[in-house]
Amino acid sequence: KSTDDVMDMAFKFNLDGDDAYQWWQMTMEERNGNDRCGNPIWNWKGALVNYCKVMAAKRVADAG
C-alpha cells in the first residue's frame with residue numbers, strides 16, 4: 001500500500017484526495033497499517049473508502 005495505491009483508489013472511487021492522503025499518513029505511516037485500536041487493517045481499501053465517507057459527511061454537517 002503506497003501513496004500511489006491510495007491515490008489511485010481515491011480517483012477510482014471519486015474520494016477526496018486530501019482525505020485519502022491523510023488516511024494514508026495516519027494509518028500507514030503513524031500506525032504502521034493498524035487501526036486506532038492497534039488492530040491490523042486487512043481490508044485497507046474498505047477502510048480508506050469508509051474514512052473518506054465519514055470525513056465528507058463531517059464537512060457537510062459542519063457546513064449546515
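Predicted model: local features only at pLDDT ≥ 70, side-chain atom pairs only at ≥ 80, totals over all residues.

Student: Is Y51 buried or exposed?

Tutor: Buried means under 20% relative accessible area. Y51 has 17% relative accessibility, so Y51 counts as buried.

Student: Which residues does Y51 touch, leaving out those up to four places away in sequence?

Tutor: Y51 touches D19, Q22, W23 and M26. D19 is in helix α2, which covers residues 17-30.

Student: Now D19. What does D19 touch, again leaving out residues up to four places away?

Tutor: D19 touches Y51, C52, M55, A56 and R59. D19 has a relative accessible area of 5%, so D19 is buried.

Student: And where is T27?

Tutor: T27 is in helix α2. Its relative accessibility is 1%, so T27 is buried. Not counting residues up to four places away in sequence, T27 touches N32, G33, N34 and I41.

Student: Let us step back. How many helices and strands does the chain have?

Tutor: The chain has 3 helices and 0 strands. From the N terminus on, the order is α-α-α. The radius of gyration is 12 Å, close to the 11 Å that the globule rule gives for 64 residues, so the chain is as compact as a globular protein of that length.

Student: What does the C-alpha trace span along its principal axes?

Tutor: About 35 × 25 × 15 Å. Buried residues make up 30% of the 64 residues.

Student: What share of the contacts with a separation of 6 or more joins residues 24 or more positions apart?

Tutor: The share is 53%.

Student: How do I read the sides of a helix?

Tutor: Start from the general idea. An α-helix has 3.6 residues a turn, so residues three or four places apart point the same way. Now take α1, residues 3-12. Its buried residues are V6, M9 and A10. They cover an arc of only 100° around the axis, which puts them on the same side of α1.

Student: Which exposed residues does the face turned away from the buried side of α1 carry?

Tutor: That face carries D4, D8, F11 and K12.

Student: What do the buried residues of α1 pack against?

Tutor: They pack against α2 and α3, the latter being residues 44-63.

Student: Where is N14 found?

Tutor: N14 is in the loop between α1 and α2, just after α1. Exposed means over 50% relative accessible area. N14 has 71% relative accessibility, so N14 counts as exposed.

Student: What is the phi of N32?

Tutor: N32 has a positive phi of about 55°, and N32 is not a glycine either. N32 lies in the loop between α2 and α3. Its relative accessibility is 64%, so N32 counts as exposed.

Student: Last one. How far apart are the mean positions of the positive and negative charges?

Tutor: The chain has 8 positive and 10 negative charges, and their mean positions are 8 Å apart.

Methods. Residues numbered from 1 in each chain as written. Heavy atoms only, no water. Helix = DSSP H or I, 4+ residues; strand = E, 2+ residues; numbered from the N terminus. Rg over C-alpha atoms; globule rule 2.2 N^0.38 Å. Buried < 20%, exposed > 50% of the residue type's maximum accessible area, 1.4 Å probe, protein only. Contact = heavy atoms within 4.5 Å. Lys, Arg positive; Asp, Glu negative; His and termini not counted. Charge placed at Lys NZ, Arg CZ, Asp CG, Glu CD. Arc of directions from axis to C-beta.
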